[in-house]
Amino acid sequence: MEPASSDIIAASGIKRTFGRGSGAVHVLKGVNLQIPSQSLIAFKGRSGSGKTTLINLLSALDRPSDGSILFEGKELSSLSNRERDHIRRTRMGLIFQSFALIPLMSAYENVEFVLRVSGYPASDRKAAAIAALDHVGLTPRMHHRPFEMSGGEQQRTAIARAIAHKPSLLLADEPTAELDSRTGLQIMKVFRNLVETAGMTIIMTTHDPAIMEIVDHVYELEDGQIVVPT
C-alpha cells in the first residue's frame, strides 16, 4: 500500500499474533488503513477486538508479526529500537486511560519533567511547557498538583505533556473512559482544536457513541479486522 502524500500513516496487511502453535492468539488478522494528516480518527470495537494492540503498533511500542506500517514515509518495523524510540519521543505523543501524572509535581512540573527526560533543549523547555498548558486551557491551574485538580484537568495535563514537544501524531487509548460525558466532550474539543490549529493528527480508541459523531473518521474493529470505515 503506497501512502498518498497527505497520509501520515499507511498500514498494510498488519497481523499480530501472541504465542505459538496451538496456544497462539491472533489479535490482528490483516489490517489495512490509511490515516490522513491533520485528521481526528477513532477506533471502536468490543473489548478484545484489537484496538489497543493496533494503537501499540502504530505508536511503535510493538512490532507486527506480519505486514508493514509506514509513518511519515518510514517503515517502522525496519527501524532499530533506538530509531523507533527517537521517533516516538520527537514525532509522536501518547495518552493513556490512566493519567499517570507524578502526584507531587504541579501541572507545569509534570509537563516540563517529560521534556527534560526526553532531551528537549533546556533553553526552550519552560516556554514549551507553558505553551502546551495554554493550548489545553490550563494556564490558570499550572501550579496545582494532580490531587488539587478535577479529572478533566488531570487529563488536560496529560494531553499537555503529550503535545509539549509538538508531535505530528497523537495517539490516545480510551482518553475519556474515566471521565463523565460533559468532561469527555471538553476533552474532544481540545482534540479538535489541536487538529485545526496545531495541525496534529489524532488517533484514539473509544466506546462512546457521542464522541464518534465528533471525529472525522471511525474505523470499527471486529475479531482483529477492520469492518467498515465510516
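## A first look inside this predicted model

Met142 is found in the loop between helix H4 (122-135) and helix H5 (151-163); helices (H or I, at least four residues) and strands (E, at least two) are DSSP runs, numbered from the N terminus. This is a predicted model, in which local features need pLDDT of at least 70 and side-chain atom pairs count only at pLDDT 80 or more, while totals for chains, interfaces and linings use all residues. Residues are numbered from 1 along each chain as its sequence is written, and side-chain values use heavy atoms, with hydrogens and water left out.

Is Met142 buried or exposed? Met142 is buried, at a relative accessible area of 10%; buried means under 20% relative accessible area, exposed over 50%, and partly exposed in between (1.4 Å probe, protein chains only). Thr53, in helix H1 (residues 51-58), also counts as buried, because its relative accessibility is 14%.

| Residue | In contact with |
|---|---|
| Thr53 | Arg16, Phe18, Val27 and Leu28 |
| Met142 | Ser106, Ala107, Tyr108, Ile130 and Leu133 |
| Leu170 | Gly93, Leu94, Ile95, Ala162, Ile163, Phe191, Leu194, Thr201, Ile202 and Ile203 |

The charged end of Arg16 sits over the ring of Phe18, 4.1 Å from its centre. Such a placement requires NZ of Lys or CZ of Arg within 6 Å of the ring centre and within 35 degrees of the ring normal.

Now for the rings. The structure holds one aromatic pair. The ring centres of Phe43 and Tyr219 are 6.2 Å apart and their planes meet at 75 degrees, so the pair is edge-to-face. Rings of Phe, Tyr and Trp (its six-membered ring) pair if their centres lie within 6.5 Å; planes under 30 degrees apart count as stacked, over 60 as edge-to-face and the rest as tilted. This pair links distant parts of the chain, with Phe43 in strand S3 (residues 40-44) and Tyr219 in strand S9 (residues 217-222), 176 residues apart. Both Phe43 and Tyr219 are buried.

Finally, the cores. The largest nonpolar core has 39 residues, and Leu133, Leu170 and Phe191 are among those with the most contacts inside it. A nonpolar core is a set of buried Ala, Val, Leu, Ile, Met, Phe, Trp, Tyr and Cys residues joined through side-chain atoms within 4.5 Å. Elements that each supply at least two residues of this core include S3, H4 and helix H6 (181-198). H6 gives the most, with six residues. A second, separate core of 27 residues includes Val31, Leu54, Leu171 and Ile203.

Key:
Contact means heavy atoms within 4.5 Å. Lists of a residue's contacts leave out its neighbours within four places in sequence.
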